[in-house]
Amino acid sequence: MVDGYVTRFDTDVEKVRKLQDILYSEEFLHIQYNDEKTYTAIETFYEREGNCLGVMNLYIGMARYLGLDASFQTVRVQPSWDLRGDLLVLSEHINATGRFSPARYYVVDFTPEIALQQLTSRVIDDQDGRALFFNNLGAEALLRGDLDTALAYFKNALFLNPDLAIAWNNMGTVYSRSGDSDFAEYSYKMAFESDNRSVTAINNLAKFYA
């Protein structure tokens with residue numbers, strides 16, 4: 001699909017535009033937003049839907065195939081919680097970015113209408129992106145009530161990035177629901193130590209001690 005639409009004569013700017021056409025236009029994949037499932041790149045391609053991480057998996061794969069500079073980039077969103085069952089879910093956001101030159105860069109995004117916090121973007125490496133992928137899978141398992149699977153995914157995320165506050169926080173929730181208060185407290189503390197601005201870690205610690 002990429003080879004049939006992007007030519008060797010296209011500039012890098014044109015390549016970025018055409019890849020966004022492939023992702024979002026009705027003539028190609030026309031990918032729709034679905035925040036309940038994190039897909040791999042190939043799953044996103046076939047399902048024609050996904051959340052921001054799944055779609056960026058696909059985009060970055062295509063961009064690098066064309067020789068473009070492309071990396072994952074996290075961006076903080078203004079906090080809003082979604083009640084799913086008896087769990088409050090705070091969404092995080094990720095997009096893709098790359099440079100055309102030292103002074104010129106681009107951003108490719110995929111999100112519903114959410115408010116991004118300005119000046120909070122941070123480029124992360126592939127291993128940290130992979131850690132977020134496993135954290136998402138763990139969160140989906142947690143929402144299903146599959147605590148063993150969720151714990152395995154969170155441990156995998158933290159093996160890849162031991163400072164991933166959201167994974168520590170989620171693991172604390174698993175241990176809390178499993179009745180292991182010592183590990184729950186430890187996990188919430190690690191979440192706070194990894195990111196002392198984490199409102200979820202602060203809230204969960206306060207709830208735990210109360």
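Is Arg48 buried, partly exposed or exposed? I opened the notebook with this one, and Arg48 turned out to be partly exposed, because its relative accessibility is 31%. I note at the start that the model is predicted.

**Entry: two residues with positive phi**

I looked up where Arg48 sits and found it in the loop between α3 (41–47) and β2 (49–50). Its phi is near 60 degrees, a positive value in a residue other than glycine. For context I wrote down that most residues other than glycine have a negative phi.

I then went to His30, which also is not a glycine and has a positive phi, of about 50 degrees. His30 lies in the loop between α2 and β1 (32–33). With a relative accessible area of 33%, His30 is partly exposed, since that value falls between the limits of 20% and 50%.

Next I checked Asp10, in the loop between α1 (2–5) and α2 (12–24).

I looked for polar partners of the Asp10 side chain. One of its polar atoms lies 2.8 Å from the backbone nitrogen of Thr7. The side chain of Asp10 also makes a polar contact with the side chain of Lys18, at 3.0 Å. Leaving out residues up to four places away in sequence, I listed Tyr5, Lys15 and Lys18 as the residues that Asp10 touches.

Lys15 was on that list, and I followed it up. Lys15 lies in helix α2 and counts as buried, at 14% relative accessibility. Beyond its neighbours within four places in sequence, Lys15 is in contact with Val6, Thr7, Asp10, Leu66 and Leu68.

**Entry: Met62**

I moved to helix α4 (residues 52–65), where Met62 is found. Met62 is buried, with a relative accessible area of 10%. Which residues does Met62 touch, not counting those up to four places away in sequence? I found Val2, Leu19, Ile22 and Leu23. I also took one distance from Met62: Asp82 is 20 residues apart from it in sequence and 32 Å apart in space, C-alpha to C-alpha.

I turned to helix pairs. Two packed helices are described by the angle between their axes and the distance between the axes, and I looked up both for each pair.

Helix α5 (residues 126–144) and helix α7 (residues 165–178) have axes that come within 10 Å and cross at roughly 25 degrees. That angle is under 35 degrees, so α5 is roughly parallel to α7. The crossing of α5 past α7 is left-handed. On the α5 side I found Asn135, Ala139 and Leu142 making the contact, and on the α7 side Ile166, Ala167, Asn170, Thr173, Val174 and Arg177. By kind, the residues of this contact of α5 with α7 are five nonpolar, three polar and one charged.

**Entry: α6 against α7**

I kept α7 and took helix α6 (residues 147–160) as the partner; their axes come within 9 Å and cross at roughly 150 degrees. This angle is over 145, so α6 is roughly antiparallel to α7. The crossing of α6 and α7 is again noted as left-handed.

From α6 I listed Leu147, Ala150, Leu151, Phe154, Lys155, Ala157 and Leu158, which meet Ala167, Trp168, Asn170, Met171, Val174, Tyr175, Arg177 and Ser178 in α7. I sorted the residues of the contact of α6 with α7 into eleven nonpolar, two polar and two charged.

**Entry: α8 against α9**

How far apart are the axes of helix α8 and helix α9? Helix α8 (residues 181–194) and helix α9 (residues 199–209) pack with their axes 9 Å apart, at an angle of about 150 degrees. I therefore recorded α8 and α9 as roughly antiparallel to each other. Their crossing is left-handed.

The contact has Ser181, Ala184, Glu185, Tyr188, Lys189, Ala191 and Phe192 from α8, with Ala201, Ile202, Asn204, Leu205, Phe208 and Tyr209 from α9. I counted the residues of the contact of α8 with α9 as nine nonpolar, two polar and two charged.

Terms used. Residues numbered from 1 in each chain as written. Predicted model: local features only at pLDDT ≥ 70, side-chain atom pairs only at ≥ 80, totals over all residues. Heavy atoms only, no water. Axes fitted to C-alpha atoms, helices over the stretch in contact; angles between N-to-C directions. Helix = DSSP H or I, 4+ residues; strand = E, 2+ residues; numbered from the N terminus. Parallel < 35°, antiparallel > 145°, perpendicular 65-115°, else oblique. Left-handed = near helix turned anticlockwise from the far one by under 90°. Contact = heavy atoms within 4.5 Å. Nonpolar A, V, L, I, M, F, W, Y, C, P; charged D, E, K, R; others polar. Polar contact = N/O pair within 3.5 Å; in protein donor to acceptor, adjacent residues only side chain to side chain. Buried < 20%, exposed > 50% of the residue type's maximum accessible area, 1.4 Å probe, protein only.
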